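The entries below follow the order in which I checked them.

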Amino acid sequence: MYCLYIDGSGNNEKKSPAAYAGILYKLTNSGKIELKKYKKYIGYETQHEAKYQGILEGLKYAMLLNITQLNIYGNLEDFNGNFLKTFVPGSKETRVDCVFPPKLISTTKFHNISNEDKYYKKVKGLVMDVIKEELYTYTYGMDDTSNFL
């Protein structure tokens, strides 16, 4: 079994500096093994769009690894089974330019979790790092964020 923890930052009401991050894990008898970690600044977007893009990125990695069952965890109160229609070719809601295996889509489940979950905190920290790096670069015009708080 596999799981993906995602988070996206931004404003719920209007476009603002936004980013997403995700960590894909394989579940084993001895715990979780980290398979892939990703993060990206996406410019000015809503929080919902940041989460959407984070989930999309995670599904692409799952597809590349031939994963057929995936549990997605995060602060996902806005996402449910209808959300997956956006990944189905031919659906009027389709928003993606690639085709995901039907088995992956049909077995993917979303779980809304507490902000206190240790794995969620880890991915939330990645998102905040991306935003800090982008704001530092924008403010100071430098790519070196090593001295940034």
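I looked first for nonpolar cores (sets of buried Ala, Val, Leu, Ile, Met, Phe, Trp, Tyr and Cys residues joined through side-chain atoms within 4.5 Å; buried means under 20% relative accessible area, exposed over 50%, partly exposed in between, with a 1.4 Å probe and protein chains only), and the largest has 17 residues, with Leu4, Ile6, Ile55, Leu59, Leu70, Ile72 and Leu76 making the most contacts inside it. At least two residues of this core come from each of strand 1 (2-9), strand 2 (16-28), strand 3 (31-45), helix 1 and strand 4, these being DSSP runs numbered from the N terminus (helices H or I, at least four residues; strands E, at least two). Helix 1 gives the most to this core, 4 residues. Apart from this core I noted another, of 14 residues, including Cys3, Ala21, Ile113 and Val130.

The model is predicted, so I kept in mind that local features need pLDDT of at least 70 and side-chain atom pairs pLDDT 80 or more, while totals for chains, interfaces and linings use all residues. Residues are numbered from 1 along each chain as its sequence is written, and side-chain values use heavy atoms, without hydrogens or water.

Next I turned to the loop between helix 1 (47-64) and strand 4 (70-74), where I found Leu65 and also Ile67. Is each buried or partly exposed? Leu65 is partly exposed because its relative accessible area is 45%, whereas Ile67 counts as buried because its relative accessibility is 3%. Beyond its neighbours within four places in sequence, Ile67 is in contact (heavy atoms within 4.5 Å) with Tyr2, Leu24, Ala62 and Leu104.
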